[in-house]
Amino acid sequence: MKKFLTFVLAFALLIGCSFQDAYAEVSEPPEIEATTAIIIDAHSGEVIWEKNSEVQMAPASMTKMMTAILVIENLSMDTVVTVDKDTVNTGGNVIYMKNGEKFTVEQLLKAMLVTSANDCAVALAKEISGSVEKFASLMNQKAGQLGCRNTSFVNPNGLDSAKHLSTAYDIAMIAKEFMKYDVLREIVSMDTYTLPKTNKHEYRVLYSTNRLLFDKTSEVRVNGNAEHPYYKYAIGVKTGYTDKAQGCLASAAYKNGTEIIAVVMHSSDLGRFGDSKALLEYALDNYRTEDLLKPGDAVGEIRIKGAAGGKTQCEAQYFASCSLAVGESADNYTTKVEWVDNVIAPVKAGTVVGTVGVYDGDKLISETPVVTSEDAEEGVFSFIYNGHVAYPGRLALIIIAAVIVLFFILIIVLRIVNRRKRKKRRQERIRQLAEERSRNNGRY
């Protein structure tokens, strides 16, 4: 009987391990139409899967993600923009602006991202830089900062141009940055937007170009099956289509704490949605995000030279994460903070003072900035480090107090010295008197 029970338990354990191994196996990625494509973890930036992701191609209106990032960094949402006659003549998908029409930055941003309006992108670019050419320079500078390796922008909207090129990898890096902004995430999740009445036009209802968000009637091929483009986990991001670029889409999906970004380039008009849906499903079925740190999590404190408090608390600016295949453990993953040297007060809250890296053993997987959690005000002696006297009144009082203290110390020292001198003179006098008595006693 005991042997039989032992056999049953061993068999059950073997079957359990087999099921566990089967569960942990990652399925094969889908076949797609797109010439180039990539899937990344939106938090860590790790590449989950790619197809020719470093090949340069026309990015079409996915370009507008970069324009939107620069808008957030450089303009207030309530700023009023007056459209000029050249912007009105922008080609492609537009909202039919009129010369002298006034919009807020928020209105232009929503129209640009929801219905992919090229004229709105030009209006925003000119508001920031004064010209499309200068704005393109700013775009390329930002692309380099985001880790783009093969991108060259010449306009803010993605209209075809021989030198306007990017890659699936670079677009994914831009989309990752784009999705860090709550205001942009909200906009690209909208399937319609009603543009209010302006000084030149009645209200306009604008419809999203991203069929993953709403289309339950069209038919696309997803892993060889006919399905609707709508994907219930989709949360954005940006479509693109021109004669040169063909069907492009940077998409994002969120499920159970895992956020995925997929980019497809040079697919067909409807094929880009089938491709993207298949890639997002594959990633969410086979991978999960492990967040070792979340935005705002404390990571330690840094000593700031010249600061009133000396040390300042710091936090992760964004997720410090890794992407794990099904069944994979995060036990071997650790975080490590690298601090910036020579940080000098004053420092505002949110200032980058280091990075926190996620490591798989000794291998760096991803990293995110470390920022100060609070302002670090200048101390009285901050001028030693930055040459700036923050509190001249306090410094004067401290100097006066120090002089007074030194004066009293000097008086005390002088008194001690004089006391010792008097004592020494008395001792010398006693010695001399003793010698005289000795001599006098020797005479008798």
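In what order do the five strands of the open sheet lie? Let's find out by walking through this predicted model one selection at a time.

Stop 1: Select the five strands and read across them: the order is 2-1-11-10-9, and the pairing is antiparallel. Strand 2 (47–51) and strand 9 (234–242) are the edges, each pairing on one side only. On average, neighbouring strands here are turned by 5° against each other, direction ignored. If you're wondering what links the strands of a sheet, they pair through backbone hydrogen bonds, either parallel or antiparallel.

Now zoom in on strand 10 (residues 246–255) and strand 11 (residues 258–267). They run antiparallel and are joined by eight bridges. Click on Ala-250, and you'll find Val-263 of strand 11 standing opposite.

Stop 2: Next, select helix 7, residues 168–178. Helix 7 lies across strand 1 (36–41), strand 2, strand 9, strand 10 and strand 11, and it runs at about 35° to strand 1.

**Stop 3: the cores.** Which residues have the most contacts inside the largest nonpolar core? Select Met-65, Ile-95, Leu-109, Leu-113, Ile-174, Phe-178 and Val-263 to see them; the whole core has 64 residues. Helix 7 gives the largest share of this core, with eight residues. Apart from this core lies another one of 23 residues, including Ile-48, Val-264, Tyr-282 and Ala-325. As a rule, nonpolar side chains in soluble globular proteins tend to be buried together.

Stay with Leu-109 for a moment and show what surrounds it. Leaving aside residues up to four places away in sequence, Leu-109 touches Ala-68, Val-71, Ile-72, Met-77, Leu-124, Leu-184 and Ile-187.

**Stop 4: a histidine in a loop.** Jump to His-43, in the loop between strand 1 and strand 2. Is His-43 buried or exposed? Its relative accessible area is 6%, and buried means under 20%, so His-43 is buried. Show side chains and you'll spot a polar contact of 3.0 Å between His-43 and Asp-291. Others that His-43 touches include Lys-176, Gly-257, Glu-259 and Tyr-318.

**Stop 5: two crossing helices.** Finally, select helix 5 (residues 118–129) and helix 6 (residues 132–145). They pack at an angle of about 85°, with their axes 8 Å apart. Angles of 65 to 115 degrees count as roughly perpendicular, so that is how helix 5 and helix 6 are placed. To see where they meet, colour Val-122, Ala-125, Ile-128 and Ser-129 of helix 5, then Val-132, Lys-134, Phe-135 and Leu-138 of helix 6.

Definitions and conventions: Residues are numbered from 1 along each chain as its sequence is written. This is a predicted model: local features need pLDDT of at least 70, side-chain atom pairs count only at pLDDT 80 or more; totals for chains, interfaces and linings use all residues. Side-chain values use heavy atoms; hydrogens and water are left out. A nonpolar core is a set of buried Ala, Val, Leu, Ile, Met, Phe, Trp, Tyr and Cys residues joined through side-chain atoms within 4.5 Å. Buried means under 20% relative accessible area, exposed over 50%, partly exposed in between (1.4 Å probe, protein chains only). Helices (H or I, at least four residues) and strands (E, at least two) are DSSP runs, numbered from the N terminus. Contact means heavy atoms within 4.5 Å. Two strands pair if DSSP finds at least two bridges between them. Axes are lines fitted to C-alpha atoms, for helices over the stretch in contact, and angles run from 0 to 180 degrees between N-to-C directions. A polar contact is a pair of N or O atoms within 3.5 Å; within protein, one must be able to donate a hydrogen and the other to accept it, and residues adjacent in sequence count only if both atoms are side-chain atoms. Angles under 35 degrees count as roughly parallel, over 145 as roughly antiparallel, 65 to 115 as roughly perpendicular and the rest as oblique.
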